[in-house]
Amino acid sequence: MNTVNQINEKLKDMISNLLSVQSDNGAWNFCFEGSIMTDAYMIILIRTLKITDEEILVKDLVERIKSRQSPNGAWKVYPDEDGGNLSATIEGYFSLLFSGYVSKEAIHMKKAESFIRENGGLTKSDWLTKMMLALTGQIKWPSIIKIIPIEIMLLPKWSPFSIYQLVGYARAHWIPILICSNMNKSFVTPQTPNISQLQERLSDSENERILEEMKNLQLYLKKALKKLSASPIVLKEKAFTKAEDYIIKRIEENGTMYSYFSASFFMVFALLTLGFNKKHSLISNAFQGMKSYLCRNADQVFIQNSPSTVWDTALLTAALQQAGVPHHHASIMKANNYLLSRQHQKYGDWSIKNPNVPPGGWGFSDINTFVPDNDDTTAALRAITPLARTENHVKEAWNKGVEWVLTMQNDDGGWSAFEKNTDNYLVSFIPFKYEERVLFDPSTADLTGRTLYFLGEYTTIPQESEIFHKAKEWFHNNQEANGSWYGRWGNCFIYGTWAAITGLRAIGVSSDDPIISRAVKWLLSIQNEDGGWGESCASDIRKRYIPLHESTPSQTAWALDALITASDTPIPNIELGMQALLSLLESDDWRSTYPTGAGIPGGYYIHYHSYKYIWPLQTLSHYKNKYDL
């Protein structure tokens, strides 16, 4: 069977499979699978709250965590991680002990303990893990956290170092944490295991270094807070009240904070710290919302940090239409009606730096009503565009979405994920690992590229517009020396380069332009012998391309889509890549489950169960449609 026939057969199979698993409400519900962090935190929460009717869930999560442990006793956040991940190992080890179903004396637990000791102990873990350990009484609240006063809540939004200089998803974690750290609170039950012996004491020089790094921040905050005319006691009371109000106003309809499991976990501890009873409706509703993120995969269950329903549905709806399913098909109509019902009507934190703009974006998960992002918005807009050409009410929603996206362009010409111009020059005051990618929301190649792709392919904005000129300048300024671009929310340089090439081509940049030709040359240089592409999550940590030495379906599809966009004819590298992609789609091994989504650099990576459909479907369709096969 030749390539064209293989593509046609594969497209037919994929379309049939996808239509058969669509939900009655028009959505597609695929799992969003991360590391063991959420599973571990759910066990810790159940045990801390002394919830007695969730033993089946605890046992299921214990089995999932145990199944992810490596022979050396460690846990990893991606399969080829060297040795293991200290934070994940601490979370796995502590939660298994807390479950009550695993003995500290078990051989695999002894191995985990050794790995933790050999890699620096509890104090060397990443910041979220440290916060969990402080809340459960395993370590003291670190100086780097204690130094930030709750009164930071009172600094005005325009202040250079107000809490609003952080991106919203970071605030949603930090404000609950600051409530707990400022009250020096921890929660220890008779069942809480004691692993404090695994805490390696920081040397005096390390402590001095940390305090020195924080000195400028501390001095700034002291000066800023002195300008607030009230007694220290009154200020502190006002700050705690404001922090509590902040949390309560950002609780979604399902009880979670900001729609994230991890933020909700810290919110529960903050509410307990503020004096709420563990049976209070805010806490019980939060728990039920977090529990609703449970996903079953074959014989195992796991907790999603935030289900990807809107993202998956938007991308699949657009890809199916590109594959030839007409927009008036019953399944596409159902999907579009679902997407239209999820367009945001509320103002969220995005409006702080983008005021006087009506809501119009889309969020990531089904229950997300006020945390839109540019990626989900452009994905949804692509899906509904054909329908918007004939239906007035859809056109109205489409116009609102386009206006929202256009106003979210950053001053530097790019687009970020959640908020506008949240790229703080005071980042150096905060000595946290990967702070520029975790605490802030700078323009990125993946967001900017996909936004340009939508605007160029689906709107009538002229190619010579200032919008596109500024974006092109951003890409020129941020291209790596080897021709690639870093992608923040996917893995990683293949992802960013694919988004850049397809976005730039959509707004009229020629394939012969050096910015494109350098990028194409780089993609060709990293093609695997089997014709596919594969990149390690280690790229995200080292901030340079690290090959996986195997090909994955998503990354092969991304690279091919970029090459197809840039090539007038199907060059041999594309043909070889198409064969590799078709072969990968027939395989069912670790290459199909390798994480290609990025959350926290070095700490949290995602296997989107939908990606084996979305990106290959899109790429196969683009190949067929462009080359008229």
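Buried means under 20% relative accessible area, with exposed being over 50% and partly exposed in between, using a 1.4 Å probe and protein chains only.

Hello everyone, and a quick word on ground rules. This is a predicted model, where local features need pLDDT of at least 70, side-chain atom pairs count only at pLDDT 80 or more, and totals for chains, interfaces and linings use all residues. Residues are numbered from 1 along each chain as its sequence is written, and side-chain values use heavy atoms, with hydrogens and water left out.

Let's start with the core. The largest one has 218 residues, and Tyr41 and Phe265 have the most contacts inside it. Helix H11, residues 261-273, gives this core its largest share, ten residues. Helices here (H or I, at least four residues) and strands (E, at least two) are DSSP runs, numbered from the N terminus. What does Phe265 touch, not counting residues up to four places away in sequence? The list is Tyr41, Ile44, Leu45, Met132 and Met290, where contact means heavy atoms within 4.5 Å.

Now the cysteines. How many disulfides does a search of the whole structure find? There is one, a disulfide being a pair of cysteine sulfur atoms within 2.5 Å. Cys31 and Cys295 form it, with their sulfur atoms 1.8 Å apart. This pair links distant parts of the chain, 264 residues apart: Cys31 sits in the loop between helix H1 (3-20) and strand E1 (32-33), and Cys295 in strand E2, residues 294-297. The torsion about the S-S bond is about -70°, so this disulfide is left-handed. Both Cys31 and Cys295 are buried. Cys492 is in no disulfide; its nearest cysteine sulfur belongs to Cys537, 8.4 Å away.

Next, a sheet. Three strands form an open, antiparallel sheet in the order E1-E5-E4, and two strands pair if DSSP finds at least two bridges between them. E1 and E4 (597-600) are at the edges with a single partner strand each, so one side of each has no neighbour in the sheet. Between E4 and E5, residues 604-608, the antiparallel pairing runs over three bridges. Ala598, for example, has Tyr605 in E5 as its bridge partner.

On to helix H20, residues 493-506. Its 14 residues reach 20 Å from first C-alpha to last, close to the 20 Å expected at 1.5 Å a residue; the expected span is 1.5 Å times one less than the number of residues. Is H20 mostly covered or mostly uncovered? Mostly covered: 13 of its 14 residues are buried. After H20 comes Gly508, with a positive phi near 95°.

Thr448 is in helix H18, residues 445-458, and is buried at a relative accessible area of 0%. Its side chain reaches the backbone nitrogen of Trp415 at 2.9 Å. Beyond its neighbours within four places in sequence, Thr448 is in contact with several residues, including Gly414, Trp474 and Phe475.

Ser621 lies in helix H26, residues 611-626, and is buried too, with a relative accessible area of 1%. A polar atom of the Ser621 side chain lies 2.7 Å from the backbone oxygen of Leu617. Setting aside neighbours within four places in sequence, Ser621 is in contact with Leu11, Ala319, Gln322 and Ala323.

Notes: Polar contact = N/O pair within 3.5 Å; in protein donor to acceptor, adjacent residues only side chain to side chain. Core = buried A, V, L, I, M, F, W, Y, C linked by side-chain atoms within 4.5 Å.
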